[in-house]
Amino acid sequence: MSARHPSRLRSAIAVGVTACALAAAPAATSVADPPPTTPGGPWGGTNLNGIHSYEQLWSTLRQVDASAQGAFDLEPAPLQSNTGRDIPVVTIGDGPTDVMFIANQHGDEFVVSEGMLSLIRTLANGSKASQEIRDELTVTIVPRVNVDGFDADVTDTAGRTTPWRQNFDTRCKAAPCDPFYQVGRGYDINRYHSYSESAYDHPYIAGEDELNPVPEAIAMRLLWDERQPALVVDYHHQGTYVDDDGRMITGSIMWPNADEEAERLGLGDAWTQDVEDSQRAVAVMLNSVESKGYANITRYPSTTTPGIARNAYALLGSASVLFELRGDIGQKSAGYIAKTAETTGYALLSSVADGSWLSTDLAPVENLPERGEPVEAPEHQHG
């Protein structure tokens with residue numbers, strides 16, 4: 001299978017951290033219903049039972065590395081968090097087509113990181129199916145982007161502790177602050193992916209002196225620049241919703257929709273093609289859980305914000321998918337959520353490896369229902 005690489009990268013930038021970069025981002029410092037769960041969004045839950053801590057995450061990944069079959073690499077992301085923590089990046093396989101999965105951009109959306117750990121283990125095993133994926137693809141997985149917002153030993157200026165949605169950056173203590181910033185706490189990483197010339201460009205404020213203030217988002221863009229993935233998938237959590245039949249919605253999914261920004265940039269047919277490819281990826285993921293009793297997936301009512309990962313990487317030239325899985329859940333139900341992430345991710349990688357994703361019927365996307373009514377309204381909208 002020939003590689004399908006993005007064709008619209010504005011300019012390649014070095015991964016090395018320049019003095020300017022350091023100023024921008026300082027480092028060093030359909031059968032049975034799913035089981036019932038607690039209503040609400042992931043931001044309300046603090047039960048971390050069964051969730052790997054920062055140290056446990058790195059330790060587990062090193063253990064997988066030691067026993068992995070085939071090409072496997074574990075390394076830190078190009079930039080650290082603001083507390084000096086390394087963000088783990090796993091690269092599996094050495095095939096000609098690159099695919100990138102990221103998860104846990106919001107610190108209080110952490111079950112998806114367990115799904116990515118399971119996916120990493122499966123991709124690194126000795127099965128023929130995993131070997132075929134490794135032969136055709138180079139898969140980059142960042143299981144937890146927001147290492148600080150999940151469990152750093154920090155407090156915001158109001159005295160609140162992690163886990164929380166944002167990263168840790170308390171430099172703005174009173175409004176007005178940058179867009180998508182929680183006063184005295186930090187930035188929403190998912191809103192700060194640059195889609196212009198440099199990873200260090202501010203997505204919303206023009207000018208050479210306006211630099212991207214979010215090191216975690218810069219790091220993901222630097223990985224994108226280096227690897228030029230054909231496809232990016234971003235895993236999140238959402239609140240509790242029910243469909244028209246009163247059945248719990250366990251996930252919502254969406255493709256790029258920054259049409260106005262794409263038109264402003266003159267992307268034309270290339271943008272149309274990337275959106276269609278993204279929808280085909282969505283169709284593969286939907287098909288993989290269609291018969292699973294633990295999955296009931298809808299269309300996510302997304303925003304058109306261009307700096308969101310789902311839109312930014314499509315504007316750069318990748319197919320791109322947002323998958324929001326239900327959060328704020330008990331330990332038993334968390335297993336179903338992690339399983340959904342692993343199952344959909346593995347099925348998609350298999351389809352990209354054999355090339356079938358680009359010819360997948362779009363009927364599942366065209367028939368995808370809108371997300372239903374909230375059981376308890378979420379505080380935030382994610383992507």
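## Briefing: helix packing, a disulfide and some backbone details

Helix H2 (residues 54-67) packs against helix H3 (residues 111-123) at an angle of about 10 degrees, and their axes are 10 Å apart. Because angles under 35 degrees count as roughly parallel, over 145 as roughly antiparallel, 65 to 115 as roughly perpendicular and the rest as oblique, H2 is roughly parallel to H3. This is a predicted model, in which local features need pLDDT of at least 70 and side-chain atom pairs count only at pLDDT 80 or more, while totals for chains, interfaces and linings use all residues. Residues are numbered from 1 along each chain as its sequence is written, and side-chain values use heavy atoms, with hydrogens and water left out.

- Axes here are lines fitted to C-alpha atoms, for helices over the stretch in contact, and angles run from 0 to 180 degrees between N-to-C directions.
- Helices (H or I, at least four residues) and strands (E, at least two) are DSSP runs, numbered from the N terminus.
- H2 brings Leu57, Thr60, Leu61 and Val64 to the contact, and H3 brings Leu117, Ile120 and Arg121; contact means heavy atoms within 4.5 Å.
- Sorted by type, the residues of this contact are five nonpolar, one polar and one charged.
- For that sorting, Ala, Val, Leu, Ile, Met, Phe, Trp, Tyr, Cys and Pro count as nonpolar, Asp, Glu, Lys and Arg as charged, and the others, Gly among them, as polar.
- Thr60, which lies in helix H2, counts as buried at 11% relative accessibility; buried means under 20% relative accessible area, exposed over 50%, and partly exposed in between (1.4 Å probe, protein chains only).
- Not counting residues up to four places away in sequence, Thr60 touches His52, Leu117 and Arg121.

**Glu342 in helix H10**

- Glu342 has its place in helix H10 (residues 331-354) and counts as buried, at 13% relative accessibility.
- Its side chain makes a polar contact with the side chain of Thr122 (2.8 Å).
- A polar contact is a pair of N or O atoms within 3.5 Å; within protein, one must be able to donate a hydrogen and the other to accept it, and residues adjacent in sequence count only if both atoms are side-chain atoms.
- Leaving out residues up to four places away in sequence, Glu342 touches Gly115, Ser118, Leu119 and Thr122.

- The structure holds one disulfide, which joins Cys172 to Cys177 with an S to S distance of 1.9 Å; the cut-off for a disulfide is a pair of cysteine sulfur atoms within 2.5 Å.
- The torsion about the S-S bond of Cys172 and Cys177 is about -85 degrees, so this disulfide is left-handed.
- Cys172 is buried, with a relative accessible area of 15%, whereas Cys177 is partly exposed, at 24%.
- Pro163 is placed in the loop between helix H5 (147-151) and strand E5 (181-182), and a cis peptide bond with omega of about 10 degrees joins Thr162 and Pro163.
- Pro176 lies in the loop between H5 and E5; the peptide bond from Ala175 to Pro176 is cis, with omega near 5 degrees.
- Phe180 also lies in the loop between H5 and E5, with phi near 60 degrees, a positive value in a residue other than glycine.
- Phe180 is partly exposed, with a relative accessible area of 37%.

- Gln228 is found in the loop between helix H6 (215-227) and strand E7 (231-238), and its phi is near 50 degrees, a positive value in a residue other than glycine.
- Gln228 is buried, with a relative accessible area of 16%.
- As background, most residues other than glycine have a negative phi, and most peptide bonds are trans.

**Links between separate parts of the sequence**

- Arg85 is found in the loop between strand E1 (72-76) and strand E2 (88-92) and counts as buried, at 12% relative accessibility.
- Arg85 and Ala152 are 67 residues apart in sequence, and their C-alpha atoms are 8.9 Å apart in space.
- The side chain of Arg85 makes a polar contact with the side chain of Asp151 (2.8 Å).
- Leaving aside neighbours within four places in sequence, Arg85 is in contact with residues including Tyr54, Glu55, Val147 and Asp148.
- Ala71 lies in the loop between H2 and E1 and is partly exposed, with a relative accessible area of 30%.
- Ala71 and Gly93 are 22 residues apart in sequence and 4.8 Å apart in space, C-alpha to C-alpha.
- Ala71 touches Thr91, Ile92, Gly93, Asp94 and Arg134, again not counting residues up to four places away in sequence.
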